[in-house]
Amino acid sequence: MWKNVLKRTEEDQKPKTVIQFLQFCDEDLFPNIYKLIKILCLLPVTTCTSERSFSSLKNLKTYLRNTVSEDRLNGLAMLNIHRNEILTPDDIIEELVKKNRRLKF
């Protein structure tokens, strides 16, 4: 039925983008099509960030680092994934100063 609706639509009134398709689709008549188009609108165009994070984790999780705590491993992974961001020693010192490092007895 959705295909027939699109065939009957004049060429100049057919939606050109996914957002226009979402606005063109009637949610009451085509609930499944509407949900599929909505999911298509929400999906990222590329998955390079997630692929990069998985490949980085393989590089970091070596035999020597199996004993590293989870917090440190997460930090190393974030540094490896976002290696294009420049960190200065002053930025790191400011971040460490913010944390309360006193032991509570």
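These legends accompany several close-up views of the predicted model. Local features need pLDDT of at least 70 and side-chain atom pairs count only at pLDDT 80 or more, while totals for chains, interfaces and linings use all residues. Residues are numbered from 1 along each chain as its sequence is written, and side-chain values use heavy atoms, with hydrogens and water left out.

View 1. From the N terminus on, the order is α-α-α-α-α-α. Helices (H or I, at least four residues) and strands (E, at least two) are DSSP runs, numbered from the N terminus. Of the 105 residues, 14% count as buried; here buried means under 20% relative accessible area, exposed over 50%, and partly exposed in between (1.4 Å probe, protein chains only). The accessible surface comes to about 9,800 Å², and 57% of that belongs to carbon and sulfur atoms. Such areas come from the Shrake-Rupley method with a 1.4 Å probe; for residues, only the protein chains shown count as cover.

**View 2. Helix 5 and its two sides.** Twelve residues, 70–81, make up helix 5. From first C-alpha to last, helix 5 reaches 16 Å, close to the 16 Å expected at 1.5 Å a residue (the expected span is 1.5 Å times one less than the number of residues). Which residues of helix 5 are buried? Look for Leu73, Ala77, Asn80 and Ile81. They cover an arc of only 95 degrees around the axis, which puts them on the same side of helix 5; the arc is that of the directions from the helix axis to the C-beta atoms.

**View 3. A nonpolar surface patch.** Leu79, Leu87, Ile92 and Leu96 make this patch of about 370 Å². Patches are made of residues with over 30% relative accessible area and no salt bridge, with like charges joined within 9 Å and nonpolar side chains (Val, Leu, Ile, Met, Phe, Trp, Tyr) within 5 Å. Ile92 sits in helix 6 (residues 89–98) and is partly exposed at 42% relative accessible area.

**View 4. Two salt bridges.** Each is a side-chain nitrogen of Lys or Arg within 4 Å of a carboxyl oxygen of Asp or Glu. Lys98 pairs with Glu95, their closest N and O atoms being 3.7 Å apart. Because Lys98 and Glu95 are three residues apart in helix 6, about one helical turn separates them. Lys98 is exposed at 64% relative accessibility, and Glu95 is partly exposed at 44%. In the pair of Lys14 and Glu11, the closest N and O atoms are 3.8 Å apart.
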